[in-house]
Amino acid sequence: MNDIAIESILQEERKFNPPDQFVQKAKINSFEQYQQLYNKAKKDPEAFWAELAANELHWFKKWEQVLDWKPPFAKWFVGGKLNISYNCLDRHLNTARKNKAAIIWEGEPGDSRTITYAQLHREVCQFANALKELGAKKGDKVAIYMPMIPEAAIAMLACARIGAAHTVIFGGFSAEALKDRLVDAEVKVVITADGGYRKDKVVALKTQVDLALAENSVPSVQKVLVVQRSKELTQMQPERDYWWHDLQKTVSADCPAEEMDSEDLLFILYTSGTTGKPKGVVHTTGGYNLYTHMTTQWIFDLQETDVYWCTADVGWITGHSYIVYGPLSNGATTVMYEGVSRPSNPGCMWDIIEKYGVTIFYTAPTAIRAWIKMGDSYPNSRNLTSLRLLGTVGEPINPEAWIWYHRIIGAERCPIVDTWWQTETGGVMISPLPGAIATKPGSCTLPLPGVLVEIVDLDGNAVKTNEGGYLAIKYPWPSMMRTVYNNPERFRQSYWEHIPPKDGQYFYFAGDGAREDTDGYFWVMGRVDDVINVAGHRLGTMEIESALVSHQAVAEAAVVGKPDEIKGEDIFAFVTLEGSYSASESLANELKQHVAREIGAIARPGEIRFTEALPKTRSGKIMRRLLRGLAAGQDVAGDTSTLEDLSVLDKLREAI
């Protein structure tokens, strides 16, 4: 990576003010109110977070020091004692929320459950006692390898309750990927299910656990707890494997929450790397609890009567922060869905919004683009009038997809919160506050209170307005990752050494290229690894993709660089088409010209390859690393365990 700014070429002029009817009821309902909050946090960050921690969370013992910052290592609320499971459950039981729905769950086959806070508290305590019976205790590591069923959230809260750190491993990972993570985290107990439903199929999970643990390949694992979901034929190993429904009959529903130090390990979550050892992101208790609690309030303008639905999986950080811990800490009603849009029910997401009166809907741009491809008839035939707020997460959203989401799903009455953050940040860092900040399609707008963001070059110098650079964070925040599990040097090298300290100022390197416009709005232009260098011009992939998607024939696009003897790199675009369009050479030429008209001749793709689907992770991110290899005519190597559908990669290989 060299120190040349990423060129910003796509200009988006449209701007949408918060709708009057939303502003009237919003808790933060003016730009001035946002500015006051932001300036208060900037003036004295420690006092700002300390006041919120005291007012918003339950502490068994107050902290002695707000922040201990020895770059790049931070500790927040040092000496304070609390429990995030207590903050998500117990403190609501003496309020009107006791009998309020905590989790509304819908299974893919159509079965459903509604669990109140009182019921959730009881089940979490029982699950926690079952873990104790299996030998799990404070300080141990517990792996959760589950479908999207309530027991996944219950297991997380049960681990936190007894002080055992959890590592949630997405239920679609292979046995080999599962084993790598179990070994790295030194896991003692594995929680799984016989199987789960996904895209009209049963995905076997317990059999993958058995393969991962075969021949004592993970010697730290002593017990396996199995939830019955799909009633798959399941082999149970005596002395090691236990059914949850059997243990549930015998365990008590009384389990006081452990008093945890603010810096005690809460969870390890593995990010998908290219090659080599998995990278375990470490998050601790107090700062993470506070930050997810506050950002859930701010970003979603959370009201007591909201029915909130984040469509992520709990196997990803979005599920941790904005399905489980953030919403439940606030006493919200959070929706969990086991499935996704699929051939047997393409309109299932809209069915759930209609059925439960969902008011807040938080999903990924890649899902939005898939729904665009399916056509407007599915959402248009459902009653979506309960919706009052929409959100996006996972990657930058193309302006045209934003407009479709605003117009078709939000009926032009719902603000859209486009959120930027990472597994490593723990919570959202940049996002509009929906009652206070005007939005621009494709921009995540402004930093949240307490977050200091700057676009810099690799020497730490601020770049000019509208000039591309590297997105960096300048001051610690409560939910920041503490280290890479068992590898502090990797933490230092990965996040803190790309940009050297400048005048005592340390920079957290996010790995994203971005620019700041004249309004102070931030535009994330993609991972710096995805930047294409065309004849000395460094172009962000997101902007070229946005131009392609703005053409009526294009449903989705992924752009990568292809080695070129003259230019260094040329632009290679993989494109999926809207249902009524067919691939042709004339359409490819039309799209090339369209990009040139939208953002200039320098961004004109050298080659366009039409494809039925793009290789994506199970969290919905396009794996451009694989596409780069294919475009270059190389055999793709490295970790493909996060791929949603390996057949997509195989088809692209054959075509190229």
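The charged end of K440 sits over the ring of Y521, 4.6 Å from the ring centre; such a placement requires NZ of Lys or CZ of Arg within 6 Å of the ring centre and within 35 degrees of the ring normal. This is a predicted model, in which local features need pLDDT of at least 70 and side-chain atom pairs count only at pLDDT 80 or more, whereas totals for chains, interfaces and linings use all residues. Residues are numbered from 1 along each chain as its sequence is written, and side-chain values use heavy atoms, with hydrogens and water left out.

**Aromatic pairs**

- The structure holds 35 aromatic pairs; rings of Phe, Tyr and Trp (its six-membered ring) pair if their centres lie within 6.5 Å, with planes under 30 degrees apart counted as stacked, over 60 as edge-to-face and the rest as tilted.
- W49 and Y291 form a tilted pair, at 5.6 Å centre to centre and with 50 degrees between the planes.
- This pair links distant parts of the chain, 242 residues apart: W49 belongs to helix α3 (residues 45-56) and Y291 to helix α10 (residues 285-300). Helices (H or I, at least four residues) and strands (E, at least two) are DSSP runs, numbered from the N terminus.
- W49 is buried, with a relative accessible area of 0%, and Y291 is likewise buried at 0%; buried means under 20% relative accessible area, exposed over 50% and partly exposed in between (1.4 Å probe, protein chains only).
- W49 also forms a tilted pair with W298, at 6.2 Å centre to centre and 45 degrees between the planes.
- Because W49 lies in helix α3 and W298 in helix α10, their pair ties together parts that are 249 residues apart in sequence. Both W49 and W298 are buried.
- Ring pairs also join W69, F73, W477, F491, Y495, W496 and Y508 into a cluster.

**Sheet β27-β28-β29**

- Three strands form an open sheet of mixed pairing in the order β27-β28-β29; two strands pair if DSSP finds at least two bridges between them.
- The edge strands, each pairing on one side only, are β27 (554-564) and β29 (607-610).
- Neighbouring strands are turned by 25 degrees against each other on average, direction ignored. Axes are lines fitted to C-alpha atoms, for helices over the stretch in contact, and angles run from 0 to 180 degrees between N-to-C directions.
- Strand β28 (residues 568-577) pairs with β29 in the parallel sense over four bridges, and A573 stands opposite I608 in β29.

**Helices on the sheet**

- Helix α18 (residues 585-599) lies across β27, β28 and β29, running at about 130 degrees to β29.

Definitions and conventions: Contact = heavy atoms within 4.5 Å.
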